[in-house]
Amino acid sequence: MTTPESPGRDPELLRRHSTAGPGAVDRYFSLSARGSTWRREIVAGISTFLALSYIVVVNPAVLAQGGIPHSAAFVATAAVGGLATMAMGLWARLPFAVAPGMEMNAMVAFSVVGTLAYTWPQALGMVFWSGVAMLAVSLLRLRAAVINAIPPELRSALAAAVGAFIGLVGLQIAHLVRTSDGRLSGLGDWTGPPAVALYLGLAVALVLDRLGARAAAVLGGIAAAALYCAVAGVRAGTVHDGIHGSGAALFRFDLTVLADPRAWSVILVLFALDFFGSIAKVVGLSAHTPLQDDQGRVPGMREALLVDAGATVAGSAVGSSSFVAFVESAVGIRAGARTGIAAVVTGLLLFSCLFLGPVLVHVPVEATTGALVFVAVKMLTTRPPGGTDRLGVTVTVTAVAVTVATLAIDQAMAAAFVVSVAASIIGRRRPHPALWVTTLLLMAGVVLQYLHR
C-alpha cells in the first residue's frame with residue numbers, strides 16, 4: 001500500500017516523473033539530446049582553452065611586428081575572443097572557440113604593413129572592411145548556402161585538412177619542423193625539451209584514450225607541462241602591461257583606406273581568407289559528429305558565422321587582425337564537447353586572461369603540442385560514415401597534401417573543390433551551382449594571395 005511517506009511508489013507520481021522533460025537550460029543547449037553532460041562540457045571547454053591559450057601570447061607578439069601596440073593586441077585577443085566565444089556558445093550553441101587566425105595576423109604584420117608599407121591603422125581599416133563584408137554575406141545567408149551545398153566527400157576532405165593543419169601547428173610549436181614565409185622549410189630539433197614534451201603528451205593521450213578517458217588530450221598536456229617545466233625550467237617571459245595601455249589602438253583604424261583602389265585587393269584577400277577559412281573549419285570541425293543533423297547540416301551555423309564576422313569588426317576596432325572559428329576547438333570536441341556550454345567555459349577562461357597576463361607568459365606553450373597532434377591523428381584516422389569511394393579518397397589526399405605544402409586551409413579547400421568539380425564533369429554529373437561559384441572564387445582568392453607575396 002502506498003503511503004504519504006513513500007510517494008515514489010505512487011503510480012501517478014511515477015508517471016509524472018517519467019514524462020518530465022529536462023530543464024530549460026538542458027533543452028536550450030540540447031544537452032541531453034546530444035548525449036552530453038555538464039561535467040563533460042566543462043572539461044571539454046577547459047581542454048579547448050588549454051589547446052588555444054598560446055594565441056593570447058603569440059598574437060600580440062606577431063601583430064607587434066607590424067607596429068600594433070602589444071597591450072592593445074593582447075586585450076583585443078583576450079577580450080574580443082572571450083566575448084565572441086561566449087556568444088558562440090550562448091547564441092549559436094556550438095562548441096567553437098573564436099580567436100585571431102594565425103594566417104590573418106601574419107598577413108597583416110608581414111605583408112600588409114611589412115611588404116606593402118601600409119600603416120597599422122590602415123591595416124586595421126582593411127580588416128574592418130573585410131569584416132563588414134563578412135557580416136553582409138552572412139546576413140544574406142550566402143555562406144550558409146555554400147556550406148549546405150558541399151557534398152559528403154568534400155566534407156570529409158575538409159575535416160582531414162583541418163586535422164593535418166592542427167598536427168602541423170603542433171609540430172611547429174614543438175620545433176620539430178621549421179617554416180619560412182608561411183611554408184615548411186625543413187626539419188627542426190627532434191631531441192630538445194619541446195620535442196620530448198610532445199612525445200610525452202601524445203603518449204599519455206593515446207594511452208588514456210585507449211582506456212576510454214575523454215579528457216585524454218588535456219591530461220596529456222598537463223603531464224607534458226610538468227615535464228617541460230622540470231627539464232627546461234619555468235619560462236622567463238616578458239611581462240607586459242596587461243590591460244594598462246590597451247586603448248592605444250582603440251578606434252584607431254583608418255576607414256578612409258577604402259578610398260584607395262590599391263587596398264581593395266588586400267581587403268578581398270582578407271575577406272577570402274576569412275570567408276572560406278571559416279567554412280572549412282565549421283565543416284571540418286563538425287564532420288562525423290553529433291553537431292551535424294541527418295542532412296549533414298549544422299544547426300546554429302548562421303549564428304556562428306555572424307559571431308565570427310562580428311568579432312572581426314570588433315577586433316579591428318580594438319587592435320587585432322581577423323577573428324575566426326579556431327581549429328583547436330577540435331581538442332574540446334574530441335573531449336566530448338557537443339553544446340555551447342563548452343564554448344561558454346572556454347570564453348570565460350579566455351576573457352580571464354585579461355587579468356592573468358603576467359602569469360601566462362610563464363606557461364609553456366609547448367605543453368599543448370601533444371594534445372594537438374593527438375587530435376590530428378584522430379581526425380585523420382576517423383573513417384567517414386558509409387566508407388570511402390575513389391573520389392572521396394582522391395579529394396581527401398589532395399586536401400591533406402596541399403595543407404602540408406602550403407599551411408593554408410583555404411588553399412587546400414580550393415584544391416579539393418577543383419578536384420571534386422573536375423571529377424563531376426568527367427563523370428558527366430552536374431555540380432551544384434554554388435560549387436561552381438565557390439570554386440571560381442577560391443581560385444581567384446589564391447591567385448590574389450600569391451600576387452601580394
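**Note on the predicted model**

1. Asn59 sits in helix H4 (residues 54–64); helices (H or I, at least four residues) and strands (E, at least two) are DSSP runs numbered from the N terminus. Asn59 is buried, with a relative accessible area of 0%; buried means under 20% relative accessible area, exposed over 50%, and partly exposed in between, with a 1.4 Å probe and protein chains only. Leaving out residues up to four places away in sequence, Asn59 touches Ala73, Thr77, Pro100, Asn105, Ser320 and Ser321, where contact means heavy atoms within 4.5 Å.

2. On the source: this is a predicted model in which local features need pLDDT of at least 70 and side-chain atom pairs count only at pLDDT 80 or more, while totals for chains, interfaces and linings use all residues. Residues are numbered from 1 along each chain as its sequence is written, and side-chain values use heavy atoms, with hydrogens and water left out.

3. The chain as a whole has 20 helices and four strands. Of its 453 residues, 55% count as buried. Among contacts in the chain with a separation of 6 or more, 82% come from residues 24 or more positions apart. The chain exposes about 19,200 Å², of which carbon and sulfur atoms supply 66%; accessible areas come from the Shrake-Rupley method with a 1.4 Å probe, and for residues only the protein chains shown count as cover.

4. The largest nonpolar core has 117 residues, and those touching the most other members are Phe96, Met126, Ile166, Phe275, Ile279, Phe326 and Met413. Helix H12 (residues 261–286) gives this core its largest share, 15 residues. A nonpolar core is a set of buried Ala, Val, Leu, Ile, Met, Phe, Trp, Tyr and Cys residues joined through side-chain atoms within 4.5 Å. Beyond residues up to four places away in sequence, Phe326 has contacts that include Leu52, Tyr54, Pro100 and Leu285.

5. Ile147 belongs to helix H8 (residues 142–148) and is buried, at a relative accessible area of 1%. Which residues does Ile147 touch, not counting residues up to four places away in sequence? They are Arg155, Ile279, Val282, Val283, Met301 and Leu305. The C-alpha atoms of Ile147 and Met301 are 9.1 Å apart, although the two residues are 154 residues apart in sequence.

6. Helix H13 (residues 301–318) has 18 residues and reaches 26 Å from first to last C-alpha, close to the 26 Å expected at 1.5 Å a residue; the expected span is 1.5 Å times one less than the number of residues. Because 14 of the 18 residues of H13 are buried, this helix is largely enclosed by the rest of the structure.

7. Helix H17 (residues 369–381) has 13 residues, and its end C-alpha atoms are 18 Å apart, in agreement with the 18 Å they should span. Its buried residues include Thr369, Leu372, Phe374 and Met379.

8. Leu354 is in the loop between helix H15 (340–352) and helix H16 (357–360). Is Leu354 buried or exposed? Leu354 is buried, with a relative accessible area of 10%. Its C-alpha atom is separated by 9.4 Å from that of Val56, 298 residues apart along the chain.

9. Val25, Trp38, Ile42, Ile46 and Leu50 form a nonpolar patch on the surface, together holding about 400 Å² of accessible area. Patches are made of residues with over 30% relative accessible area and no salt bridge, with like charges joined within 9 Å and nonpolar side chains (Val, Leu, Ile, Met, Phe, Trp, Tyr) within 5 Å; a salt bridge is a side-chain nitrogen of Lys or Arg within 4 Å of a carboxyl oxygen of Asp or Glu. Helix H3 (residues 38–52) supplies the largest share of the patch, four residues. Val25 is in helix H2 (residues 24–29) and is partly exposed, with a relative accessible area of 41%.
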